[in-house]
Each structure stands twice: as structure tokens, then as C-alpha cells.
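Let's take a walk through this model, one spot at a time. Keep the structure open beside you and follow along.

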Amino acid sequence: MIKNSILFLGVLFAINSYAQNANPLKEPVYYSITDALAAKNVTQLNLRDRHYFNLPEELNNLKGLHFINLMGNNLAIWDDVLFNQTKLEVINMQGNNLKYISKKISIFKSLINLNLSDNEITGVPDEIEKLKKLKYLYLSENMLTSVPGSIGKCSDLEVLALNNNQLSYLPQDITGLKKLKTLHLGRNQFNEFDAEWIKLLSLQELNLEYNQLLNIPETIASLRELKSLIADHNKLSAVPIDISKLTNLELLSLSHNNIKSLPSQISAMTGLKTLILTGNPISEQEREVIKKALPGCNVYF
């Protein structure tokens, strides 16, 4: 049965990562600058894992790129040749040595997907607000202690990944992200569930694992579209009664907390497919009560 929950998580990951990948059915993908320069109307270039410390100057001869993958290189600075690619819609620079995001990022007016995960970035410039078409922003596994309020002006943003940083709060302006569907805040330093997050009414996936949360507020019920809530490895001792109003919730993972029981109202969560409660001090009697309340749900203790 545990395979079902893994499959569910895999589907969510696939949905979120789809837009990061080149589409060979739409246009050819070139894996070397030499081949790209020999072709015409090149739009997709994959230079992953080439050990680049600097981008080749030959990139200046390619003017129509929409997609570039620079993942897994040794880039520590933003080369000027990249900013000549003003038509870019997807930039993947995951797994480099970047310590900052260039203010010139605003030049990419068509950018839809920006992946800067697994770098050493310590801050996000206010110029991020100029990316009006941005839908997917991946900043996980960096060294962020804050994000600017200007991020709230990226009004088309649907996915925001900030997991594995050093964040303890988000700006109030985050409520400007009316279309946000996925918010990953796991492995940070949050010690409270911010009331502002409740205003993100389009959220479908919220990951808060490995923080210091003491409670989940009753107002969680406002997130009516939520399908996945993960809050493993926190300091939760109770589950709010109104969580039962999340009728679209399919995955609820609360493992390794201090939860001893669940509210009886959980029987109303008929859409729940997977409930993970491993590592909590739940008695055998309470386990039976929970399983009877959720007969169509895979429950793990």
C-alpha cells in the first residue's frame, strides 16, 4: 500500500517538473554549440554537465533560444552572453556555484520557468518582480534567509520551491500570488504557520516538513483546493478539527510529530487516499478508531 502514496507523490513531482524539460516533439534539442550553430532556427539547447566555469562566447551567435539547460556545471557568475538570449522561456541552472541572482534577470520578459536550485544563493533581487510571465520558480537547496516582498508581484506564479534554505518567515506580500498552486517550505526554520499562507486560496500542494511548527491553525480549512499537505518532522501535538473541511485533500502526511489522536470529524474526509502518521505516539485503540473513520484511505502508523 505504501507504493500508492509514493506514486501519488511521484505524480505531483512529475506535474511540477514537466515545464523544466525540453520538448523534442516541438523543436529539436541540441546538445552541443557546434551542432546548434550548424543548424537553423535553434530554440532548445542542452549543455548539462559540461564542467563549464564560463559560458562559451559562441552563444552570442544563437539569438532565438527559448530553452537552455545549464544544470550541473561550475558556473559562479552570470555571464553576459546569457543575457543576449532575451527570448528565453526556460532557464535551468540547477547545481552550479551561483551565490547571487543577477539584477539583469529582469531582461527575460518571456521567462516562464527559472530553476536555480542547489546553488549557494543568499538573496533574491527585487528585479524578480519584472518577470510577469514566470510560472515556476525553484530556489530550493540554497542559503536564503529571506525573500523580498517584490516576489508577490509575480502574479502568474504557480510553483514556488523554497525548501532546504534558512527561512523563518515569508513576506506579507506573498499573498499577491493568487495563482500559486504549489508551495514547498520544507527543511527551513519556520516555527509557526503564518496566517498569510491561508490567503493563498489556489494552493493544491503545501509542504512544511522538517520545520519547528507547533500547530496547524483551524483556518487551514480556507485552503479548499488543497490536495496534498505534508508536515512531517515538526512539533505538532494536535490536528485542527476544521482540517476535516478539506474535502479535496488526498494526501495528509504528519509523521514524526507528537500527535496522540485525530478529531472524530476526519470521517468527513472521504477523498483522503493516504494518511501517514508513522512516528507518533498513537495508541492501538486510537489507531483502530482512525482506520474505521477512514475506510477508503490507506493509513500508515
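Asn164 sits in the loop between β7 (159–161) and β8 (182–184); strands here are DSSP runs of E with at least two residues, helices are runs of H or I with at least four, and both are numbered from the N terminus. Keep in mind that this is a predicted model, where local features need pLDDT of at least 70, side-chain atom pairs count only at pLDDT 80 or more, and totals for chains, interfaces and linings use all residues. Residues are numbered from 1 along each chain as its sequence is written, and side-chain values use heavy atoms, with hydrogens and water left out.

So what about the backbone at Asn164? Its phi is positive, about 60°, although Asn164 is not a glycine. Most residues other than glycine have a negative phi. Asn164 counts as partly exposed because its relative accessibility is 29%; buried means under 20% relative accessible area, exposed means over 50%, and partly exposed is in between (1.4 Å probe, protein chains only).

With a relative accessible area of 38%, His256 is partly exposed.

Strand β11 itself covers residues 251–253, and Leu251 is part of it. Leu251 is at 1% relative accessibility, so it counts as buried. Now look across to Leu275: Leu251 and Leu275 are 24 residues apart in sequence, yet 6.1 Å apart in space, C-alpha to C-alpha.

On to Asn73, in the loop between β3 (67–69) and β4 (90–92). Is Asn73 buried or exposed? Asn73 is buried, because its relative accessible area is 3%. A polar atom of the Asn73 side chain lies 3.0 Å from the backbone nitrogen of Tyr52. Leaving aside neighbours within four places in sequence, Asn73 is in contact (heavy atoms within 4.5 Å) with several residues, including Leu47, Arg48, Asp49, Tyr52, Gly95 and Asn96.

Next, the aromatic rings. A pair of aromatic rings is described by the distance of the centres and the angle of the planes. Rings of Phe, Tyr and Trp (its six-membered ring) pair if their centres lie within 6.5 Å; planes under 30 degrees apart count as stacked, over 60 as edge-to-face and the rest as tilted. By this rule there are four aromatic pairs. One of them is Trp78 with Phe83, a stacked pair at 6.1 Å centre to centre and 25° between the planes. Both Trp78 and Phe83 are buried. Another pair is Phe190 and Trp197, which is edge-to-face because the planes are at 80°, with the ring centres 5.4 Å apart. Phe190 is buried, with a relative accessible area of 2%, and Trp197 is buried at 1%. Going back to Trp78 and Phe83, they form one aromatic cluster together with Phe108.

A ring can also have a charge over it, meaning that NZ of Lys or CZ of Arg is within 6 Å of the ring centre and within 35 degrees of the ring normal. Here the charged end of Arg187 sits over the ring of Tyr210, 3.8 Å from its centre.

Conventions:
A polar contact is a pair of N or O atoms within 3.5 Å; within protein, one must be able to donate a hydrogen and the other to accept it, and residues adjacent in sequence count only if both atoms are side-chain atoms.
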